[in-house]
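Dear colleague,

I am passing on a structure that may be new to you, and it is placed just below. After it come some notes on what was found in it, which I hope you will read with the structure open.

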Amino acid sequence: MRIVVIGGSGLIGQHLTTELSRQGHEAIAASPSSGVNALTGEGLAEVLAGADAVVDVSNSPSFEDAAVLDFFERSGRNLLAAEREAGVKHHVALSIVGTDRLEGNGYFRAKVAQEQIVKGSGIPFTIVRATQFFEFVAAIAESSVDGDRLVVPDADFQPIAAIDVAAALADVALGSARNATIEVAGPDRQPFRDFVARRIAANGDHREVQADRAARYFGAALETGSLVPAHAEAVRLGPTRFESWLSAA
């Protein structure tokens, strides 16, 4: 199959193109650095010619509320219009578990808007919602600094390795469109605090990590289950455990 990966130069995109190529498929990494810009439409017609499927793992360069909403709406519309012209039969979009439960965060609101554009496009689709990546836990920890300690939300967390997200996306892209949303997550669900504490300890940082019901997650208030799959029995679990990932990081 010929599969175009929009955002192919990013973390997930690189893992995904590697995995698809390993399985013998033609994986095209498309990004502004390769002359393909979904935000402006540049290069889309050329790169989508003959594509069987498109996987959109692109991300906004700005997380400011208005900018991120503009990015996902404009790039989504441009990309899907170009896919219709090219006759693409399957659009796969990477989204976030809990994105429709965190209205207080502009990035999550923008992902909801992106999902709605995909669903209304008329192109067969599959939306893959993933939990946060192991690779981002350190940055999440740094956003939680409060003096000489870290204060994180009192909520559950179930992060996943980026390579496992890519494997799930590859399987989805190589299959038939589901016209539905599926969820992927890591193998372990534990308190947010535990993952953050283990991540910083792996770097020799032993600051106290506290859980607080009032702590915000990038501006959004969390309930216990806000960031984890709502229906655990229907979720694809990545095989990589956090401890194994930490030891190899």
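In these notes, buried means under 20% relative accessible area, exposed means over 50%, and partly exposed covers what falls in between, with a 1.4 Å probe and protein chains only. This is a predicted model, in which local features need pLDDT of at least 70 and side-chain atom pairs count only at pLDDT 80 or more, while totals for chains, interfaces and linings use all residues. Residues are numbered from 1 along each chain as its sequence is written, and side-chain values use heavy atoms, with hydrogens and water left out.

With that scale in mind, serine 95 counts as buried because its relative accessibility is 3%. Serine 95 belongs to strand β4; helices (H or I, at least four residues) and strands (E, at least two) are DSSP runs, numbered from the N terminus. The side chain of serine 95 is joined to that of glutamate 115 by a polar contact of 2.6 Å, a term that stands for a pair of N or O atoms within 3.5 Å, where within protein one must be able to donate a hydrogen and the other to accept it, and where residues adjacent in sequence count only if both atoms are side-chain atoms. If neighbours within four places in sequence are left aside, the contacts of serine 95 (heavy atoms within 4.5 Å) include Lys111, Ile127 and Arg129.

Strand β4 is also part of an open sheet of 7 strands with parallel pairing, in the order β2-β1-β3-β4-β5-β9-β14. The strands β2 (26-30) and β14 (236-237) stand at its edges with a single partner strand each, so one side of each has no neighbour in the sheet. Two strands pair if DSSP finds at least two bridges between them, and β1 (residues 2-6) is joined to β2 by 5 bridges, the two running parallel. Among the residues concerned, isoleucine 6 has alanine 30 in β2 as its bridge partner.

In strand β9 (residues 180-185) of this sheet lies valine 184, which is buried, with a relative accessible area of 1%. Not counting residues up to four places away in sequence, valine 184 touches several residues, including Val97, Val128, Ile160 and Val235. The loop between α6 (162-174) and β9 holds asparagine 179, whose phi is near 50°, a positive value in a residue other than glycine.

A second topic is the other sheet. An open sheet of 3 strands has the order β6-β7-β11 and mixed pairing, with β6 (145-146) and β11 (208-212) as the edge strands, each pairing on one side only. Here β6 and β7 (residues 149-153) run antiparallel and are joined by 2 bridges.

Finally, there is the largest pocket, which holds about 820 Å³ of space. On a 1 Å grid over the protein atoms alone, a pocket is an open set of points where a 1.4 Å probe fits, with protein on both sides within 12 Å along at least five of seven lines, and lining residues have an atom within 4 Å of a point. The largest pocket is lined by 39 residues, of which Ser58, Asn59, Phe63, Tyr107 and Phe136 lie nearest its centre. The helix α4 gives the most to this lining, with 4 residues.

With best wishes

Key. Points joined across faces, edges and corners; volume = space filled by probe spheres on them.
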